[in-house]
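Subject: Structure for your review

Dear colleague,

Please find the structure below, followed by an account of what was found in it. I would be grateful if you could read the two side by side.

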Amino acid sequence: MSGGAVASSDELPFTPAELAEIEAEARAGLEAAAGLGALAEAERQALGKRSRFSLLYQQLGRLSPERRKEAGQRLHQLRRRLEDLVEERRHLLLEAERLARLEADRLDLTEVLPGELAGHLHLVTLVTERLEDVFVGMGYEIAEGPELETDWYNFQALNIGVDHPARASTDTFFVDVEGEDGADYLLRTHTSPVQVHLLERGRLPIYAVAPGLVYRRDTADATHLPGFHQIEGLAVDHCITMGDLAGTIESFVHALFGSEVSTRLRPGYFPFTEPSAEFEISCQICGGEGCRTCSMTGWIELGGCGMVHPNVLLATGVDPEEWSGFAFGFGVDRLATMRHGIADLRSFVENDIRFLSQF
Amino acid sequence: MRAILSWLRELTPLPVEPGDRQAAAELASELDSLGLVVERVEQVGQGLDQVVLARVLEISPISGADRIRRVVVDRGGGESVEVVCGAWNFEEGDVVPLAPVGAELPGGFKIGRRTMRGQVSDGMLCSARELALSDDHAGILVLARPAGELPPGVELGRSLAEHLGIGRDVVFDLDVEPNRPDCLSMLGVARDLAARYGLPLFPPEPRLEESEPSSAELASVEIEAPELCSRFIARVLTGARPVASPPLLQRRLHLAGMRPINLLVDASNYVMLELGQPNHPYDLDRLGGRGLRLRAAHAGESLVTLDGETRILGTREPRRRDESSSREAVICNLNDLPVGIAGVMGGHSSEIGEATTAVLLEVAHFDQVAVGRTARRLGLRTEASVRFERGVDPAGLGRAAARFCELVVSGAEAAGVAPPKVARGIAEAAAASFEPTRFRVRPARVNALLGTSLSGAEMASLLSPVGFEVRPGGAQESLEVVVPSFRPDVTGEVDIAEEVARTFGYRKIVPTERRSPAVGALDEVQLLRRRIRRVLAGVGAHEAWTNSIVSEQEQLLSGIGADLVRLANPMVGDESVMRAGLLPGLLKALRYNSGHRNGAVRLFEIGEVFALSSAADGRARPDERQRIAVLLARRGDGAEEAVRVWQVLADSLGLARVRLVQPGFEQGAFEPAGIPGGLEPSLAGLHPARAAWLVADKTPAGPEESDRREVPAIGSLGEIDPELLEAFGLAARRIGWIELDLERLAAAPRRPELAEPVSRFPSSDIDLAFSVSDEVPAARVEETVALAAGELCESVRLFDVYRGEGLEEGQRSLAFRLRLVAFDRTLTDEEVAAVRRRCIESVEEALPAKLRA
């Protein structure tokens, strides 16, 4: 502020107190405005032509240029402050109005009528695909074979002689049609015939798994179905060992169940493998301590495996001195029941959507 | 196979005391790792050391009770005990087992002081079953009935375990694999365990006092059919008595799951369990001649077996091209009458009975295949047949026969009766002499197979304890292996590899990493199948799995015209054919859900269908195809939804140019063909006026009619025939259906792989509504419009169908929205107008259709 004593003719048209009062009055008016219309009115009153502010402005003309500049600056600053306030208030009111409009559009999201849900894949499909993915990750191909087989593929080529008990008519469904090998067609009793198809194809090495439906003459009950799913694995290469078999089983069990689950082999018997083994995994229910699920042994039998019998290789024209291999197989449905605590296998074929839609 | 610990310990000194559960569990784990899977470990005989011998002093009634009595017994040391007993089979003076208060019986039942009808009972008198000694529960086990003084050896207060010489024991219930016939015997199991524990094995070495005349003088044996039996021997005992067997023998039979009968029968069974050699004792006096002959059964001859059933023999149908497969072995007396089914079961007529004194014991090595065939045909799997079927030790006959004689003699002595005379030697017939199997084994090959690095000497030390003779084989680091006679399963090098692995321990084989050199991937069809599953789930369908073995009636009901694949041996009479379509299965799944008030549902299934077709040579051949079926039964579903779901599927799979060909419209003749055996997609089971084939065009839109005929159908869709719903017990309503052949679907033309650029210029729409005769399918109009619009056509979409006011009868209005676009410019009004005119002219000219004003 320049100077204290000034000429009377050149006095400012307002005192600082007066100016403060004008500002306070205008602010009160603007802040009290509850709508955009009221705000426009308050703005008019504060800064309009007839406002006290404008009257002061009109008096600037009579002041000396220096004084005019000083007073003008002060008034201009006040105007800026008030205009900012107007803008700020307008924003607030606009936002409030927008919110009120949206609020009127409120929807209770729990009152929505339910629509149709997506369907679910069958649990056996999900488990099969999971298994396929694990093996594809290990570089295996997925092989498939027919469900109606000849004696050659289901038995003969697998070193299951004519008088093997597995051929007894109590186990196998036969079809009254004679195949080219002179024996009746049958419904495959395991996925192992796919091994023969793969070997006969003549492209070595082989790393393949074959999931599929197989059939046995069992009455459907909680633990049996006349048609059920297996998955078969076959690896044939130079110098494949039983250690490779144990390692492969360990790898896929870890991928499926987690690395804390251990595996082990114990001697078993299959006509198409020698040595043959059953493979077991440590019981996940009790962590190997022993419980009812694992019959207190801490281990659960998962499937069978072994080194491909030389007779199988010979039957399919593969030289067992040059090539060796391993094979393994296990029940997919049983794996699914184990994992999901399903007490009755028949749930799988009832197709109750209350069951199907759980997975 | 139930292996009994005390029996095994007689054969090898296993460091396992009965009653030590921990040790028993460890033994079970070793058995498991040897491939003798333990299904259950049973602790038996607890409490037999707490049960004491007591003598009945007094029996008196209890007032108000007519079923129980008060019994006072002397439990030794002058101490008398009062008990209440409900059995009536004993008398004052009898010696009986008393379970005193505090005793725990086998099975865990604990004896406490009880009061019945005011009478205090300080213990329990026990039956043989309550003590797990046998199944006898007819009354209290009477141990002795002395007239006055107690006989020697009976001491009151002594424990029953001590008195009978039987105490605690452990039974291992083993699941023996079919390739280990030797382990269907205590000796075989003991041999494996002895090898594992590094213990000596003590096989029974029967010692006999023999007398003249010899067995061969007293009886003859003859093999008439050498292909059914390689060796047949017999022994004769005279002066035998069918007394009760010693308690230990009875108890072991009982624990092994066999019923004790009398010494002669029990000894026979005991030998089978101990050595694995089935054998059969005949009553020589009832045999009908002093000798046995083995021959092939005559067709239709009959025999009453020990179980009282009449068995017809020799009726097995020979297998095609194998006449000998019908041969069954039968044992005859010297009058040529059957007295036993070889290896399966003996005959009733010469059964050992109360009056038997002369015994002829048959021990033979029958053909395993023949025994297996006969047992299966008769549905008569016996302890003997199971062992023969898997392979009995051909060199073990003599020892088994001698062991039987030894047991009968010692059993008679224990029972206090005169032992029988054992005739010297054996009567024998041999069709072939036994030659052990021997071959060379390359340790390097065994190691290569197992992934081990064992030396030849190490292998030899693993193999010899289980009975193999191993010598250096001379050339190239090889071994010569002589297979023991009781291991018929071992025939080559890989079997030795298994035996090495087994005795070394499968668990000691170190897992190694083996990776496939290939890149794993699903093939095109497998990927397609996965995509189909997900798209169908996306439209709300749940995946079902229905039985592929179905009833013929249901197949026929659904109008499937295929030549069905029939099962020769169905489980259930009405589920006897393989499905030729997925419709019946999914209808039944729908019915199941309807029954649970969930009938508004969509289901799909992917599975095989089957049919017979005739090959060129006239022979029938079964075929199978993979199908996909979708059943649409939500509210509002029907043929329209079937079309829409198909469109979603076709679009998601990137199919291009698959048309609906519907009967009843003029589209040229269409006869789906190409898949043999009636597995061609069909409209059977569908509403005849709401069903169409799905046909892939090989050429762009608008092919000549004649081109279309050869194009195979991918599948069919429409609405299920209401009559069929009724036949399946479902209420008539609109249910949509799609069924596709997977292979054809996979082969159907797809959208090109190369991306088609999208125009950056604005497009123009033209709406055209035609009134069209009902005889013309809308697709025809659409095709015509698209063709007329030419290059500028981006899409043609039917957006409204209207029938009614303002239209003539037999006409409907079809409104299409045609979107036009050019790549290089914005279309002018004139260009659009020209296309519009062209479209209208084409449609009106080609079809009975008129633009609506």
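A:Arg266 is buried, with a relative accessible area of 2% (buried means under 20% relative accessible area, exposed over 50%, and partly exposed in between, with a 1.4 Å probe and protein chains only). Its partner A:Glu301 is partly exposed, at 34%, and the two side chains meet in a salt bridge of 2.8 Å, N to O (a side-chain nitrogen of Lys or Arg within 4 Å of a carboxyl oxygen of Asp or Glu). A:Arg266 lies in strand S7 of chain A and A:Glu301 in strand S9 of chain A, so the pair ties together parts that are 35 residues apart in sequence. Helices (H or I, at least four residues) and strands (E, at least two) are DSSP runs, numbered from the N terminus.

As to conventions, this is a predicted model, in which local features need pLDDT of at least 70 and side-chain atom pairs count only at pLDDT 80 or more, while totals for chains, interfaces and linings use all residues. Residues are numbered from 1 along each chain as its sequence is written, chains are lettered from A and ligands numbered from 1 in the order in which they are written, and side-chain values use heavy atoms, with hydrogens and water left out.

The sheet of chain A

An open sheet of 7 strands runs in the order S1-S5-S6-S10-S9-S8-S7 in chain A, with mixed pairing (two strands pair if DSSP finds at least two bridges between them). Its edge strands are S1 (141–142) and S7 (263–267) of chain A, each of which pairs on one side only. S9 (residues 299–308) and S10 (residues 324–331) of chain A pair in the antiparallel sense over 5 bridges, and A:Met307 stands opposite A:Phe326 in S10(A). Helix H8(A) packs on the sheet, touching S7, S8 (273–282), S9 and S10 of chain A, and its direction makes about 35° with that of S10(A). Here contact means heavy atoms within 4.5 Å; axes are lines fitted to C-alpha atoms, for helices over the stretch in contact, and angles run from 0 to 180 degrees between N-to-C directions.

Nonpolar cores

The largest nonpolar core has 123 residues, among which A:Phe252, A:Phe328 and B:Ile720 touch the most other members. Such a core is a set of buried Ala, Val, Leu, Ile, Met, Phe, Trp, Tyr and Cys residues joined through side-chain atoms within 4.5 Å. Helix H8 (residues 242–257) of chain A gives the most to this core, with 8 residues. A second, separate core of 64 residues includes B:Leu11, B:Met258, B:Tyr270 and B:Val422. Leaving aside residues up to four places away in sequence, A:Phe328 touches A:Phe135, A:Leu245, A:Phe252 and A:Phe279, among others.

Strands of chain B

In strand S34 (residues 713–720) of chain B, 8 of 8 residues are buried. S34(B) pairs in the antiparallel sense with strand S33 (residues 686–696) of chain B over 6 bridges, and with strand S35 (residues 736–741) of chain B over 5 bridges. B:Leu717 is the bridge partner of B:Ala692, and B:Ser716 stands opposite B:Glu739 in S35(B).

The interface

The contact takes 83 residues from chain B and 93 residues from chain A. About 7,400 Å² is buried between the chains, 54% of it given by carbon and sulfur atoms (buried area is the accessible area, with a 1.4 Å probe, that two parts lose on being put together, summed over both). B:Tyr506, B:Arg514 and B:Trp545 supply 13% of the area that chain B buries against chain A, more than any other three residues. The rule finds 9 salt bridges across this interface. B:Arg534 forms a salt bridge with A:Glu129, with the closest N and O atoms 2.4 Å apart.

Other salt bridges

Over all chains, the count comes to 87 salt bridges. In chain B, the side chains of B:Glu383 and B:Arg387 meet in one, at 2.8 Å, N to O. Both residues lie in helix H9 (residues 383–390) of chain B, 4 residues apart, about one turn of the helix. B:Glu383 counts as partly exposed at 36% relative accessibility, whereas B:Arg387 is buried at 4%. Salt bridges that share partners also join B:Arg180, B:Asp182, B:Asp192, B:Arg487, B:Asp489, B:Glu499 and B:Arg502 into one network.

Yours sincerely
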